[in-house]
Amino acid sequence: MSFIRKPLNRRSILRAGALGGAALATPTIFTSRAWSAGYLNEPTGSTVTLGFNVPQTGPYADEGADELRAYQLAVEHLNGEGDGGMLSTFSSKALKGNGILGKKVEFVTGDTQTKSDAARASAKSMIEKDGAIMITGGSSSGVAVAVQALCQEAGVIFMAGLTHSNDTTGKDKRANGFRHFFNSYMSGAALAPVLKNAYGADRKAYHLTADYNWGYTTEQAVKESTEALGWETVETVKTPLAATDFSAYITPVLQSDADVLVLNHYGGNMVNSLTNAVQFGLRDKLVNGKNFEIIVPLYSRLMAKGAGANVKGIFGSTNWHWSLQDEGSKAFVKSFGQKYGFPPSQAAHTTYVQAILYADACERAGTFNPCGVVEALEGFEFDGLGNGKTLYRAEDHQCFKDVLVVKGKENPTSEFDLLEIVEVTPVEQVTYAPDHPQFAGGALGTCNPGA
Amino acid sequence: MEILRVEGVNKSFGGLRALNNVNFSVEEGTVHAIIGPNGAGKSTFLNCMIGRLAPDTGTVMFGDISLTGMKPHEINQIGVSRVFQTPEIFDDLTLLENIMIPALAKRDGEFALHAFARVDQDAEIHDRAMHMLEDVGLEDKRAVTASSLSRGDKRRLELAMCLSQDPKLLLLDEPTAGMSRADTNNTIDLLKRIGDRGITKVVIEHDMHVVFSLAEKVTVLAQGTIIAEGKPEDIKGDPRVQEAYLGGAHL
Amino acid sequence: MDAILLQILNGLDKGSAYALIALGLTLIFGTLGVVNFAHGALFMIGAFCAVTLNRLLSLSFTTIDPERTDFLGNPLKVETPYVETWFGPETGAAIIDWSVPLAILFSIPIMALVGLFMERGLIKYFYKRPHADQILVTFGLAIVLQEIIKYFYGANPIPTPAPDAFSGSFDFGVLLGLDPNLIIYPYWRIVYFLFAAGIISAVFAFLQFTTFGMVVRAGMADRQTVGLLGINIDKRFTFMFALAAVVAGLAGVMYAPINSPNYHMGMDFLVLSFVVVVVGGMGSLPGAVLAGFLLGILESFASMAQVVALLPGINQIIIYLVAIVILLTRPRGLMGRKGVMES
Amino acid sequence: MLGLNKKDTYMFLLVLALVVFAPFLLNPFPENSELAQFNAGYPDLMQRFLIFGIFAIGFNILFGLTGYLSFGHAAFLGVGSYAGVWMMKLLTMNVIPAIFMSVVFAGLFSLLVGYISLRRSGIYFSILTLAFAQMSFSLAYSVLTPITNGETGLQLALDDPRVIGVSQVDGSIPPANFFGMPMRESFEMSMGGWLFTFNAGYYLCAVVMMIAFYIAIRIFRSPFGMMLRAVKSNQQRMNFTGLNSKPYTLAAFVISGMYAGLAGGLMVAMDPLAGAERMQWTASGEVVLMTILGGAGTLIGPVLGAGFIKYCENIFSKINDNILYDWFAALPDGLADALVFIIHPFIGKGWHLTLGIMFMLIVIFLPGGIMEGMERIGRLFKRRKPPSQDKSAPQASAAPAE
């Protein structure tokens, strides 16, 4: 269902930019973006415009809608409206609730369609037409990497939304791009010990992997970390992204001597492959005297809903979950829940946090200049945003924080209560060297202020 | 001199023998009619000549070139044009264009990538096409889309298209089918005028009035076999022909 | 060997969906000469009939349970479906559990109406228009239909489970005297195959043995002649369109438990089902069914790890590859008539 | 002028004027007004109008003239894009070699696909092209990842060789440029409340598009173009007229494939990334829609269709409820809520719905597309004037195109 919500503020949007109202009197001014001394889309009026680029059509539209809700909430909080949400629990106190650097926060929205081309087009229009100083959002790695590269070229900051592939802060990292969300490596590193405890060290895993970039990095991460703990990988099979019926890929699993199935699938793929796997009775199977198990490395609660009861008892990892009991999470769930009537998803959380972190960095840097923001975010340590102590590592612009290992809840009390937290894997365990082979290649380059 | 020579042609469709060992030849510069009752195999015969159907056995020689196995456009390029039973014209194009296309095909061959030339500045082709339109009396309608023509006009247009190529041999499949008497007479006149150009013509016809007004030689086909051949006057009286036409009241 | 047997089962199962959709497409093409790009959307609407019935049956009233709390710390609101209070908790739960099979009955009138409205309201004005226009307008309609569904049901897949009674798997291995658990197949997928077979037989029987069907078949062969006989073929064709919609809808209803329905599931099937129709031969009903099963089985084989290792990527392109080979070597498709749609 | 007849010269000049002054024409609303939402005069969208215009013009050479409906043209655009990005990775950031190679590769690929697909006609041809394009898309997305970078899309990197350029400048990838002039360079001009942007990349696109448009006019008016229309009209008559239709259709197919490649090359010249989705069947479908919506077989129609769809995609999708409330701020609350409630499903994430409805309306009521609509409006005005003496009725259909 879609909800129509009135914005709290109904003032008309005044576009920021070199013109403001001052130019009204002057007949003609020629400016060249290449010649101006400052940086691209420098806000000179009383407002600053952020660009929220989320999937509004296509299979991830519901996640996009949740991201958009979180952004609207973040904007309210930044502008000092509402209950302030996580601003009160955030360890940095630079934000004062008067917008960013005294400028009221306005926003524009665009539709990524979960396609690299469309996402770049909509980001470009927000930069070129609406004067957005920062682009954020997205629900897939392909889009994140594509838009991140665009923002680097154009000279604005990109605060990635939901993107889990190693490449976003690995071989495709960019100086102007930052990722708060965790990644494939972290999922593998967090899951492996939990899996070992739950299922033992002598397991044979069968991987079904979505045939695209994110699938590859996730398969590699889970494979390497489980093999390090003694598991054996029997087979890895790639499944077409467009596949809807996975029976042809599930039946060979029945025939192998594997006793664990790892579904490196996300979104609709994950819903279908998990549903199919359960249909084929994999969970009731006994192999080598052990219960057959299924693992979903990256859980999305929104999508898990689509798999219904099939998720029960299945392990996976997630960036954040609304049932966390730290102050930050509680404050966020409360303010989101009161505004919209249901708890936020991890996509909503990471995008909300990204918006806050960006605002805070501008505030601390004292400028919207992307290079200043980059400097303020690099190596920034913070707490109180729902994931405990977190570091924005300077070398690759990846956030390092605790990772949640979750499993499908046996007795959910509501339609939102699908996952339970099994373990909060401490950050040390998921930290890796910037030059780790899974992240090899690529370079940040230098920040680009676009002017 | 023979311009077309058909030897031992057989053609079957499933169990049906449509043409049975047909031997036939056309003298250059004559008008040769093929007549026969419905289902006699006239159209099949024509199609075999023109490469639309491949005969099972036998040869079709045009001069000293064998037409068997040649594609329709290749057959046309060596000088054989055809008028169809239902007019085959370019419905969406103007009359002028309808005639310029065959004229261009004649001049430039089966394929020419003249993507930068301008149709409306090709004086040679334009004049030729206009001339043909005048010949068939359609010059006033040169800018009209062909689909809007009456059936008779379409037929005349198709004829003009074929003539614009100066073919050596013109095959006509019931050129007056479905026409009013007046239109038919016009067409006969037209075809007679073409005769002056020395184009050899093979006419398949139902209407004996047409046949006897035009043809110098008549071949009668019945059940896939040639049953008679000769001058029109001789054919008229041939009892086999009478019989083939079952009473043949209209002979 | 057992692996191949299993893939044949998979192929038959997948092919059931292809065959049902292609059957409907062919009925519409064969009778009305219309290329219907909204046919996938009909399949999708069918699946959402199942979702809707499930929701209707689960309509609930709310009571407050002060013992438990929700995510905001407020007392938990407990939803109890009306049917459970009307028929008692157990019968009520059973009714909800059986919502998908019940949706078969629910969807038939709905799909027939959808088909009727589509044909009378839109398609009939396009009989004489070029195929490109038909494609465009039905494609537009497909977008509109799926956006409407998305507006009401969201973009995420919605779980629509089969009745519990069908949850297990059937052991073919034991039947064949092999080891147990070697060749097992989920009950619901077997049901789907049998259901598809039933529908297909029913459609064929209907066309074969009823006067109505005979007229329609004659119409498919030669529309003008039948029109000349003074038979009102148009009304019958409207009926055929509705029938095709019902077939697509039923395929969708029964498919809902196999993969959770989402608003774009129709588009996912659309291109494939067109390929199926063309491979089978435009306008040939047996061709459509045969090609549906054939392509399903080929697709299943192509996704076997051994095959993919040999020809990387073959699982992604097999259907298209087959289509190209068939069209180049046998342009009228497996069982098509010559000259249909060739210009 | 330029070997065009008078009428075509006027049309060419009109299009030229529209393209040159597009930065003004597309920004009719002052920057601070509520209606600025509907301004389309920013570089990215203006570039897209032209690029998809080129794509549609090329597609129309095949579909509009010969009637062969290809459902796989996006594959050529994709191949062109990949070739273009590879040139930028390997050779230089100058866009000219990239665009050139895009056209060459798309041409070669379309020659292959066309040679095979053109053995069939009608819907069989459509399905063949569709199958080729879907295969290209699927493989580019997965198995061919080393060449295409799969889902992420092929993009530039700091360590690309760029043998006759530089790999990086101060830690940044050098911008795509035309002999030193960066494509993203823009001049802004403000007049009163209006802001106009003149972008280097846009004007490069404009030059290329005008050349492409000029070539299309020449093809339409050439004997070759006439032969292509003959293919559509009656292929049988054409063959019995001594013309071999196969090389004609193949040439048209390859030319339109090269146009698609040109569009792909320009796309990466403006924005150096090539994503696999641009090869998907929906992308091929989009160009079909553009052409038919605009008016297949007309010269300007496809360009208008492309503009129409890209405008919907980029403008409607960005309108959100906040903006609606801003528009209706002056109205009483209840009324504003009601209006927003009514409009809400059609904007923002509902733009697909708007597009779907527009398709249907145009196809139902204007089978000849936008061009037919304009013609009808034109006739409405003409009818009021007394008929001029030199215009006999049939003359109107004399010029078949546009």
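These are my notebook entries on a predicted model with several chains.

**Entry 1: chain D as a whole**

I began with chain D and looked up its secondary structure. I found 17 helices and six strands there. Next I wanted its dimensions: along the principal axes, the C-alpha trace spans about 70 × 65 × 40 Å. Then I checked the radius of gyration. For 402 residues, a compact globule would have a value near 21 Å, and chain D has 23 Å, so the two agree.

How much of chain D is buried? I noted that buried residues make up 60% of its 402 residues. I also looked at contacts with a separation of 6 or more in chain D, and 74% of them come from residues 24 or more positions apart.

**Entry 2: who touches whom**

I turned to the pairs of chains. Four pairs touch, and chains A and D have the most contacts among them. Some pairs do not meet. No contact joins chain A and chain B, and their closest C-alpha atoms lie 34 Å apart. Chain B and chain C have no contact either, with their closest C-alpha atoms 15 Å apart.

**Entry 3: where chain C meets chain A**

I looked closely at this contact, which takes 40 residues from chain C and 40 residues from chain A. On the chain C side, several elements each supply at least two residues, among them helix 1 (2-32), helix 6 (131-153) and strand 4 (184-186). Which element of chain C gives the largest share of this side? I found that helix 1 of chain C does, with seven residues. By class, the side of chain C that touches chain A has 19 nonpolar, 14 polar and seven charged residues.

**Entry 4: the two domains of chain B**

I read the domain assignment of chain B: domain 1 covers 1-79 + 167-251, and domain 2 covers 86-166. Their C-alpha centres lie 26 Å apart. The contact between them takes eleven residues from domain 1 and twelve residues from domain 2. On the domain 1 side, helix 2 (72-77) and helix 6 (181-195) of chain B each supply at least two residues. Helix 6 of chain B gives the most to that side, with four residues. I sorted the domain 1 side by class too, and got six nonpolar, four polar and one charged.

**Entry 5: one residue, B:Phe84**

I located B:Phe84 in the loop between strand 6 (80-83) and helix 3 (95-108) of chain B. Is B:Phe84 buried or exposed? I counted 20 other C-beta atoms within 10 Å, so B:Phe84 is buried. I also checked B:Leu171, which is 87 residues away from B:Phe84 along the chain, and found their C-alpha atoms separated by 8.4 Å.

**Entry 6: the largest nonpolar core**

I reminded myself that nonpolar side chains tend to be buried together in soluble globular proteins. Here the largest nonpolar core has 466 residues, and C:Val275, C:Ala323 and D:Phe55 touch the most other members. I followed C:Val275 further. Leaving aside neighbours within four places in sequence, C:Val275 is in contact with C:Ile319, C:Tyr320 and C:Ala323 in chain C, and with D:Ile127 and D:Ala131 in chain D.

**Entry 7: an enclosed helix in chain A**

Last, I looked at helix 6 of chain A, residues 247-255. Eight of its nine residues are buried, so the helix is largely enclosed by the rest of the structure. The buried ones include A:Ser247, A:Tyr249, A:Pro252 and A:Leu254.

Notes
Residues numbered from 1 in each chain as written. Chains lettered and ligands numbered in written order. Predicted model: local features only at pLDDT ≥ 70, side-chain atom pairs only at ≥ 80, totals over all residues. Rg over C-alpha atoms; globule rule 2.2 N^0.38 Å. Buried ≥ 20, exposed ≤ 12 C-beta atoms within 10 Å, placed from the backbone. Contact = placed C-beta atoms within 7 Å. Domains from an automatic or database assignment. Nonpolar A, V, L, I, M, F, W, Y, C, P; charged D, E, K, R; others polar. Core = buried A, V, L, I, M, F, W, Y, C linked by C-beta atoms within 7 Å.
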